[in-house]
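Reader: I am new to this one. Please show me the structure, and then I will ask about its parts.

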Amino acid sequence: MTVASQLISTLSELRKAIRLLGLLIILGTIGVYFLSPALLALIQQRLDQKLAFFTVAEPFLAHVKLSLLTTLFVLMPAILYSIWKAAGKSFALSTSARNWFVLSTCLLFYAGAGFCYFITLPLGIKFLLGFQTVQLQPLISVSKFVTFVAMFILAFGTIFELPIIMVFSAKVGICQRRTFEKYRRYAVLVISVVSALLTPTPDVINMLLMGGPLYLLYELGILILRFTKI
């Protein structure tokens with residue numbers, strides 16, 4: 001099978017798990033909704049923000065949104081397991097290899113999310129709100145605040161999967177280790193662009209907080225490929 005046909009097969013296998021995952025997400029969102037006020041208060045306290053709402057339905061919708069995104073965050077191991085289970089069948093991965101991919105992607109996802117929540121977001125929000133003056137005071141929408149925080153956390157968790165993507169690409173023959181080593185310069189350029197787009201502020205410090213770990217993860221991927229001789 002070609003790589004394209006294997007990817008198509010993976011998507012076909014993944015469709016079987018979508019219904020179950022969808023049901024879990026719906027039930028999880030309903031369950032987490034009752035905890036969403038406490039979750040929102042915790043995030044507000046961590047990021048030191050006072051929030052407002054501008055429509056009658058906005059607080060309700062913000063809590064639903066927070067519940068949905070929190071459910072996705074909690075269910076990420078099940079989502080990743082379903083993805084690797086489907087990929088394992090299509091690309092003929094052994095059970096041990098599939099389990100390694102599941103464990104590694106889960107750990108890196110939560111590491112990236114934690115890095116964003118505890119380091120990048122507080123610094124980024126502090127920088128952005130540093131432009132307020134006596135005449136210009138912030139009035140932050142609760143819905144936009146929830147979207148801003150949750151999407152950046154999920155985005156950071158996702159891009160921290162870089163070394164696992166590299167290992168998988170080499171293992172299935174998409175891109176070999178020597179290619180990653182050869183194009184380091186281009187990797188630095190791509191990482192710089194991604195950091196500029198994904199960090200919540202345009203300053204150099206926050207870009208380095210994003211780009212630095214990403215480049216280290218890129219080098220980690222190469223080291224893993226060397227160690228495993230893939």
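Reader: How many helices and strands are there in the chain?
Author: This is a predicted model, in which local features need pLDDT of at least 70, side-chain atom pairs count only at pLDDT 80 or more, and totals for chains, interfaces and linings use all residues. Residues are numbered from 1 along each chain as its sequence is written, and side-chain values use heavy atoms, with hydrogens and water left out. Helices (H or I, at least four residues) and strands (E, at least two) are DSSP runs, numbered from the N terminus. From that end the elements run α-α-β-α-α-α-β-α-α-α-α-α, which gives 10 helices and two strands.

Reader: What share of the residues of the chain count as buried?
Author: Buried means under 20% relative accessible area, exposed over 50%, and partly exposed in between (1.4 Å probe, protein chains only). The C-alpha trace spans about 60 × 40 × 25 Å along its principal axes. Of the 230 residues of the chain, the buried share is 43%.

Reader: What part of the contacts with a separation of 6 or more comes from residues 24 or more positions apart?
Author: Contact means heavy atoms within 4.5 Å. Among the contacts in the chain with a separation of 6 or more, residues 24 or more positions apart account for 83%.

Reader: How do helix 2 and helix 3 lie to each other?
Author: Axes are lines fitted to C-alpha atoms, for helices over the stretch in contact, and angles run from 0 to 180 degrees between N-to-C directions. Helix 2 and helix 3 pack at about 85°, with their axes 10 Å apart. Angles under 35 degrees count as roughly parallel, over 145 as roughly antiparallel, 65 to 115 as roughly perpendicular and the rest as oblique. Helix 2 and helix 3 are therefore roughly perpendicular.

Reader: Which residues make that contact, and how many are charged?
Author: Helix 2 brings S36, P37, L39, L40 and I43, and helix 3 brings H63, L66, S67 and T70. Ala, Val, Leu, Ile, Met, Phe, Trp, Tyr, Cys and Pro count as nonpolar, Asp, Glu, Lys and Arg as charged, and the others, Gly among them, as polar. By class, the contact has five nonpolar and four polar residues, and the charged ones number no residues.

Reader: Is S36 buried or exposed?
Author: S36 is found in helix 2 (residues 36-47). Leaving out residues up to four places away in sequence, S36 touches H63, L66 and S67. Its relative accessibility is 1%, so S36 counts as buried.

Reader: What length does helix 3 reach?
Author: Helix 3 (residues 58-74) has 17 residues. The expected span is 1.5 Å times one less than the number of residues. That expectation is 24 Å, and from first C-alpha to last, helix 3 reaches 24 Å.

Reader: How far apart are the end C-alpha atoms of helix 6?
Author: Helix 6 (residues 142-159) has 18 residues. Its buried residues include V142, F145, V149, F152 and F156. At 1.5 Å a residue, helix 6 should span 26 Å, and its end C-alpha atoms agree, at 26 Å apart.

Reader: How do helix 5 and helix 7 run relative to each other?
Author: Helix 5 (residues 95-128) and helix 7 (residues 162-171) pack at about 155°, with axes 10 Å apart. The contact joins A97, W100, F101, S104, T105 and L108 of helix 5 to P163, I164, V167, F168 and K171 of helix 7. Eight of its residues are nonpolar, two polar and one charged. The two helices are therefore roughly antiparallel.

Reader: Is S104 buried or exposed?
Author: S104 lies in helix 5. It touches E161 and I164, not counting residues up to four places away in sequence. At 12% relative accessibility, S104 is buried.

Reader: What is the angle between helix 4 and helix 5?
Author: Helix 4 covers residues 76-90. The axes are 9 Å apart and the packing angle is about 145°.

Reader: Is A92 buried or exposed?
Author: A92 lies in the loop between helix 4 and helix 5. Its phi is positive, about 55°, although A92 is not a glycine. At 69% relative accessibility, A92 counts as exposed.
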